[in-house]
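Welcome, and thanks for taking a look with me. Please keep the sequence and the 3D view open side by side as you read.

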Amino acid sequence: MKRIVIVAGPGSGKSTLARMLCERLNLPVFHMDQIHWQENWVERPLAENCQWR
């Protein structure tokens with residue numbers, strides 16, 4: 001298994017579920033906010049975002 005994507009509304013427990021899965025499956029967790037945004041909510045350039053694929 002390479003990737004699991006968890007999609008749901010705010011406050012629905014996505015981060016909690018991701019932490020549980022990463023512990024059981026020994027997978028890394030990446031939050032979309034960390035990938036898409038830089039400090040102070042500055043959007044990352046598209047070319048930089050492509051490195052995560």
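1. A word on the source comes before anything else. This is a predicted model, in which local features need pLDDT of at least 70 and side-chain atom pairs count only at pLDDT 80 or more, while totals for chains, interfaces and linings use all residues. Residues are numbered from 1 along each chain as its sequence is written, and side-chain values use heavy atoms, with hydrogens and water left out.

2. Next, confidence. pLDDT is the predictor's confidence in each residue, on a scale from 0 to 100. The protein has a mean pLDDT of 86, and 89% of its residues reach 70 or more. Where pLDDT is low, the predicted coordinates should not be read in detail.

3. Now the layout. The protein has three helices and zero strands, giving the order α-α-α from the N terminus on. Helices (H or I, at least four residues) and strands (E, at least two) are DSSP runs, numbered from the N terminus.

4. As for the surface, 8% of the 53 residues count as buried. Buried means under 20% relative accessible area, exposed over 50%, and partly exposed in between (1.4 Å probe, protein chains only). The protein exposes about 4900 Å², of which carbon and sulfur atoms supply 56%; these areas come from the Shrake-Rupley method with a 1.4 Å probe.

5. A contact here means heavy atoms within 4.5 Å. Of the contacts in the protein with a separation of 6 or more, 13% are between residues 24 or more positions apart.

6. Have a look at helix 1 and what comes before it. Helix 1 has twelve residues and spans 16 Å from its first C-alpha to its last, close to the expected 16 Å at 1.5 Å a residue; the expected span is 1.5 Å times one less than the number of residues. In the segment before helix 1 you will find Ser 12, which is partly exposed at 46% relative accessibility. A polar atom of the Ser 12 side chain lies 2.6 Å from the backbone oxygen of Gly 9.

7. Which residues deserve a look for their phi values? Most residues other than glycine have a negative phi. Just after helix 1, Asn 26 takes a positive phi of about 55 degrees. In the loop between helix 2 (32–36) and helix 3 sits Asn 40, whose phi is positive and near 60 degrees; Asn 40 is exposed, with a relative accessible area of 71%. Trp 41 is found in the loop between helix 2 and helix 3 and has a positive phi of about 60 degrees although it is not a glycine.

8. The structure holds one aromatic pair. The ring centres of Trp 37 and Trp 41 are 5.9 Å apart and their planes meet at 70 degrees, so the pair is edge-to-face. For reference, rings of Phe, Tyr and Trp (its six-membered ring) pair if their centres lie within 6.5 Å; planes under 30 degrees apart count as stacked, over 60 as edge-to-face and the rest as tilted. Trp 37 is partly exposed at 27% relative accessible area, whereas Trp 41 counts as exposed at 59%.

9. Last, please visit Glu 48, which is found in helix 3. Glu 48 is partly exposed, with a relative accessible area of 30%. Glu 48 and Ile 35 are 13 residues apart in sequence, and their C-alpha atoms are 9.0 Å apart in space.

Technical notes:
A polar contact is a pair of N or O atoms within 3.5 Å; within protein, one must be able to donate a hydrogen and the other to accept it, and residues adjacent in sequence count only if both atoms are side-chain atoms.
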